[in-house]
Amino acid sequence: MTVDISAADRRFSGTPRPRGHRPAPAGTGRRLFAGIGLAGAMAGAAAFAAAPASATSGLANGSFETPVVRPGTFQTFAGGQFIGPWRVTGASVDLIGAGFWQAADGRQSLDLSGGAAGGVIQTFSTRPGVRYEVIYSLAGNPQGPPAVKTGQVFINGALAQNFSFDVTGHTIANMGYVTRAVTFRATGVSTTVQFTSTTNTAFGPVIDDVGVDRCGCGVQGAE
Ligand SMILES: [Ca+2]
């Protein structure tokens with residue numbers, strides 16, 4: 001199968017990928033003060049962590065739709081906590097609830113900088129020797145500095161991609177998501193992908209709609 005890297009909707013064959021163009025409600029205020037607190041975040045994380053991670057069927061919760069955050073708010077998850085199958089790394093991340101700002105897919109998205117630079121990591125099943133691509137939507141928190149949000153993607157702990165997103169001209173109602181991809185050849189029966197912010201403020205890069213699939217990168221003998 002040939003994959004068109006330029007196509008934003010190529011990953012989920014047969015599954016529409018509605019891009020959330022919902023306008024955020026007015027008066028949500030500065031997000032620094034809108035969090036519902038660590039206790040709520042921990043309760044949500046604990047409840048969801050009890051569910052088995054679907055590690056046998058690829059990357060899970062790539063759209064960050066669970067746990068469900070109260071609409072119009074966000075929850076901060078500190079390093080070591082879990083957002084379903086994702087483990088939070090670094091300082092913290094913010095799981096952004098419906099309507100707080102525009103999601104790329106579904107209703108929720110993830111700011112990789114919570115109070116400071118954080119990240120998320122997940123391990124999923126792979127077949128050794130097969131080439132895959134991780135595809136994700138990228139934007140940035142437009143509510144504070146710096147203008148250019150930066151971060152990195154690691155595959156099995158190795159730096160695979162530096163990314164950046166300039167929020168200039170974007171708003172919570174027009175996040176300006178772009179699609180990014182990282183390709184890799186699996187070396188084992190599982191692979192770990194990690195997204196990290198290198199923006200050490202509370203206004204980091206935003207990711208959503210993360211998925212992984214076999215890559216039609218034109219590589220022969222990948223099967
Ligand atoms: Ca989402």
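Okay, let's start with a sheet: six strands, open, antiparallel pairing, in the order 2-3-6-11-8-9. Strands here are DSSP E runs of at least two residues, helices are H or I runs of at least four, and both are numbered from the N terminus. Two strands count as paired if DSSP finds at least two bridges between them. Strand 2 (82-83) and strand 9 (158-166) sit at the edges with a single partner strand each, so one side of each has no neighbour in the sheet.

Before I go on, this is a predicted model, where local features need pLDDT of at least 70 and side-chain atom pairs count only at pLDDT 80 or more, while totals for chains, interfaces and linings use all residues. Residue numbers run from 1 along each chain as its sequence is written.

The overall picture, then. Of contacts between residues at least 6 apart in sequence, 78% join residues at least 24 apart; a contact means C-beta atoms, placed from the backbone, within 7 Å. Of the 223 residues, 43% are buried. Buried means 20 or more other C-beta atoms within 10 Å of the residue's own, exposed means 12 or fewer, and partly exposed is in between, again with C-beta atoms placed from the backbone.

Now the inside. The largest nonpolar core has 42 residues, and Ile83, Leu95, Leu110 and Ile207 touch the most other members. Its largest share, six residues, comes from strand 7 (residues 131-140). By nonpolar core I mean buried Ala, Val, Leu, Ile, Met, Phe, Trp, Tyr and Cys residues joined through C-beta atoms within 7 Å. Take Leu95: leaving out neighbours within four places in sequence, its contacts include Phe64, Phe77, Ile83 and Leu110.

Back to strand 7, where eight of the ten residues are buried. Strand 7 pairs antiparallel with strand 10 (residues 178-185) over eight bridges, and Tyr136 has Arg180 as its bridge partner there. With strand 12 (residues 205-214), strand 7 again makes eight antiparallel bridges, and Ser137 stands opposite Asp208.

Strand 10 also holds Phe184. Why does Phe184 count as buried? Because Phe184 has 21 C-beta neighbours inside 10 Å. Beyond four places in sequence, Phe184 touches Tyr132, Ile155 and Ala160. Ile155 is 29 residues away along the chain, yet the two C-alpha atoms are separated by 7.7 Å. Ile155 in turn has Ala158 of strand 9 as its bridge partner, and strand 8 (residues 148-155) and strand 9 run antiparallel, joined by eight bridges.

Most residues other than glycine have a negative phi, and most peptide bonds are trans. Asn156, in the loop between strand 8 and strand 9, has a positive phi near 50°. Asn156 is partly exposed, because 16 other C-beta atoms lie within 10 Å. Asn61 also has a positive phi, near 55°, but it counts as buried, with 20 C-beta neighbours inside 10 Å. Asn61 lies in the loop between helix 1 and strand 1.

And which peptide bonds are cis? One runs from Thr66 to Pro67, with omega near -5°, and Pro67 is in the loop between helix 1 (38-49) and strand 1 (74-78). Another joins Pro145 and Pro146, with omega about 0°; Pro146 sits in the loop between strand 7 and strand 8.

Terms used:
Contact = placed C-beta atoms within 7 Å.
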